[in-house]
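Here are a few notes to read alongside the model. Take them one at a time and keep the picture open as you go.

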Amino acid sequence: MIKAFDVIIIGAGQAGGPFAGACARKEWRTALVEAAHIGGTCVNAGCTPTKTMIASARVAHLARRAADYGVSASDVSVNLPVVRQRKRAMVRDWRSGSERHLQQDGVEIIMGLAQFVDPRTISVTLNEGGVRTLSAETVIINTGARPSTPDLPGLTDVPFLDSTSIMELGEVPDHLLVLGGGYVGLEFGQMFHRFGSRVTIVQRGERLLAREDADIADAVAAILREDGIEVILNSDARRVERNAGNSIVLTVTTPDGERTITGSHLLVATGRVPNSDRLNLAAAGVAVDRRGNIAVDERLATNVPGIYAVGDVTGGPAFTHISYDDFRILKTNLIDGGDRTTQGRMVPYTVFIDPQLGRVGLSEEAARALGYEVRIATLPMSSVARAIEVGETRGFMKAVVDARTDQILGFAMLGIEGGEIMSAVQLAMQGGLTAATLHETVFAHPTLAESLNNLFARL
């Protein structure tokens with residue numbers, strides 16, 4: 001028997017869940033199919049758990065620095081099972097809250113693996129056993145992505161960690177090897193170093209955070225090295241194995257030749273792959289690119305009428321706030337009768353290392369590549385009064401400004417609360433404020449925001 005709905009959403013992430021609730025509140029017959037947990041990556045394996053654990057790591061870091069502030073704090077230690085339990089409780093609360101709201105809205109939640117039978121029909125293999133068949137004229141795909149596994153000789157023979165499993169460790173690794181110098185690798189690398197691990201980060205490219213300007217990436221590497229983390233750049237992993245002592249041995253090629261690195265644990269943080277391979281998309285005729293990302297237009301429509309894809313499965317910016325904005329686009333267009341697109345939207349983000357790296361708009365390198373004539377302003381955090389007062393002077397802020405119009409093209413801040421100050425500049429950019437306006441704005445003293453006066457005065 002096929003049960004008919006007005007809309008079927010596959011995946012309860014940060015686009016699918018809110019859209020399901022919005023549809024149900026319109027009294028549309030709404031089915032939400034989820035294979036694992038309500039809330040998607042953000043709630044279950046991304047933002048919520050990682051930032052919860054990063055908070056614990058920062059407390060440990062500050063406790064060790066207590067003497068710098070005239071405070072005595074001795075015998076600092078980390079109880080990782082307690083950190084893990086705090087993380088689990090946070091995830092449980094957010095997950096249950098999300099599920100409760102969906103149920104209150106009238107969404108029918110179906111736990112199981114969804115696959116297309118044809119463009120309008122979905123077969124669900126239920127987690128509890130059995131199969132259900134559903135149909136709808138509108139189908140939304142929000143199945144997200146998962147950690148990728150590189151084709152590294154020996155990897156299948158060693159017990160490696162990914163961004164999900166590392167948060168379930170019950171003891172602090174003696175020596176954590178991190179393969180990958182992106183957001184995930186850096187956040188976990190610094191976190192576990194603060195928990196007490198020796199950490200080595202191996203990055204294939206010439207810089208960490210490959211999308212950042214060289215000066216930003218170099219400053220991040222310098223901060224991590226200052227903390228005691230080993231950062232190895234331009235290093236290509238060749239193979240991995242376990243030695244007689246049960247340690248993990250990673251062999252890499254570097255500009256100075258081949259090198260072996262021995263550690264107790266290995267975190268593989270080399271990217272993510274879309275969860276599109278489990279949907280039987282061929283049965284619906286939905287097009288994907290060579291990486292498996294579902295192809296969508298600026299309104300998030302696939303090549304098949306009535307089928308839309310949102311969030312990480314499309315291969316766009318893999319951020320929760322972008323997924324949520326995808327929901328707003330769908331709601332505007334499919335429920336409210338509007339016409340909203342992804343064109344021109346800003347993609348701000350924060351890397352939750354400490355100090356934070358917040359960025360929005362174009363980098364200097366990207367702006368120059370696009371042909372802009374730019375002016376660049378930088379300000380070290382050691383010149384920011386608030387940063388000096390709280391003893392957090394590492395990093396700097398950087399603005400990229402159109403030399404012709406004085407419009408702010410991009411902004412990055414590697415510094416205390418970098419993400420929050422970046423957000424203030426983003427609002428200025430969206431409002432069309434010029435660099436001169438921010439230079440002349442009266443901010444409260446002593447705040448981090450007032451440092452924008454000095455930054456834009458340097459143009």
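What radius of gyration would a compact globule with 459 residues have, and what does the protein have?

1. A compact globule would come near 23 Å, and the protein has 24 Å, which agrees. The radius is taken over C-alpha atoms, and the globule rule is 2.2 Å times the number of residues to the power 0.38.

2. A word on reading the model: it is predicted, local features need pLDDT of at least 70, side-chain atom pairs count only at pLDDT 80 or more, and totals for chains, interfaces and linings use all residues. Residues are numbered from 1 along each chain as its sequence is written, and side-chain values use heavy atoms, leaving out hydrogens and water.

3. You will find 12 helices and 22 strands (DSSP runs, H or I of at least four residues for helices and E of at least two for strands, numbered from the N terminus). Buried residues make up 49% of the 459 (buried means under 20% relative accessible area, with a 1.4 Å probe and protein chains only).

4. Now look at strand S21 (residues 396-402): seven of its seven residues are buried, so the strand is largely enclosed by the rest of the structure. Phe396, Lys398, Val400 and Asp402 point one way, while Met397, Ala399 and Val401 point the other. In a regular strand, side chains alternate between the two faces of the sheet.

5. Ala399 has Phe411 of S22 as its bridge partner.

How values were computed: Buried < 20%, exposed > 50% of the residue type's maximum accessible area, 1.4 Å probe, protein only. Pairing = 2+ DSSP bridges.
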